[in-house]
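This report describes the fold of one protein and then the salt bridges of its side chains. Please look at the sequence and the structure before reading on.

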Amino acid sequence: RAIAPSPDLRRWLADAPARFDDFAERYRRELREERAAPVLRDLRRLARSRTVTLLTAWSEPDRSPAAVLARMLRSKR
């Protein structure tokens, strides 16, 4: 839960799916916040040594929070 997009952010995207690029940027900001940053750091550490599988129920997996998270896990920042 600490790393999931906030309910407000999910509702904001549901109102207009065309906003995905803005959603992705806002979600990346949430991932850098205090509640999510330690979890993201731990997942990055884990991903360096083994496979991490992210699941999503979104109809477009490439335009989902899991896709944003996967890119964050691969990035150096």
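## Overall fold

The protein has four helices and zero strands; helices (H or I, at least four residues) and strands (E, at least two) are DSSP runs, numbered from the N terminus. From the N terminus on, the order of elements is α-α-α-α. The protein is as compact as a globular protein of its length, because its radius of gyration of 12 Å is close to the 11 Å that the globule rule gives for 77 residues. That radius is taken over C-alpha atoms, and the rule is 2.2 Å times the number of residues to the power 0.38. The C-alpha trace spans about 40 × 25 × 20 Å along its principal axes.

This is a predicted model, in which local features need pLDDT of at least 70 and side-chain atom pairs count only at pLDDT 80 or more, while totals for chains, interfaces and linings use all residues. Residues are numbered from 1 along each chain as its sequence is written, and side-chain values use heavy atoms, with hydrogens and water left out.

## Salt bridges within helices

The whole structure contains five salt bridges (a side-chain nitrogen of Lys or Arg within 4 Å of a carboxyl oxygen of Asp or Glu). One of them joins Arg11 to Asp8, with the closest N and O atoms 2.5 Å apart. Both residues lie in helix α1 (residues 7–15), three residues apart, so about one helical turn separates them. Asp8 is exposed, at 55% relative accessible area (buried is under 20%, exposed over 50%, partly exposed in between, with a 1.4 Å probe and protein chains only).

In helix α2 (residues 20–31), Glu25 and Arg28 are also three residues apart, about one helical turn. Their side chains form a salt bridge at 3.0 Å, N to O, and a network of salt bridges links Glu25, Arg28 and Arg29. Glu25 is partly exposed, with a relative accessible area of 31%.

In helix α3 (residues 37–49), Asp42 and Arg45 are three residues apart, about one helical turn, and the closest N and O atoms of their salt bridge are 3.1 Å apart. Asp42 is partly exposed at 43%, and Arg45 is partly exposed at 45%.

## A buried arginine

Which residue is buried yet has no salt bridge? Arg44, in helix α3, is that residue, and Asp42, the nearest side chain of opposite charge, is 11 Å away. For charge, Lys and Arg count as positive and Asp and Glu as negative, while His and the chain ends are not counted.
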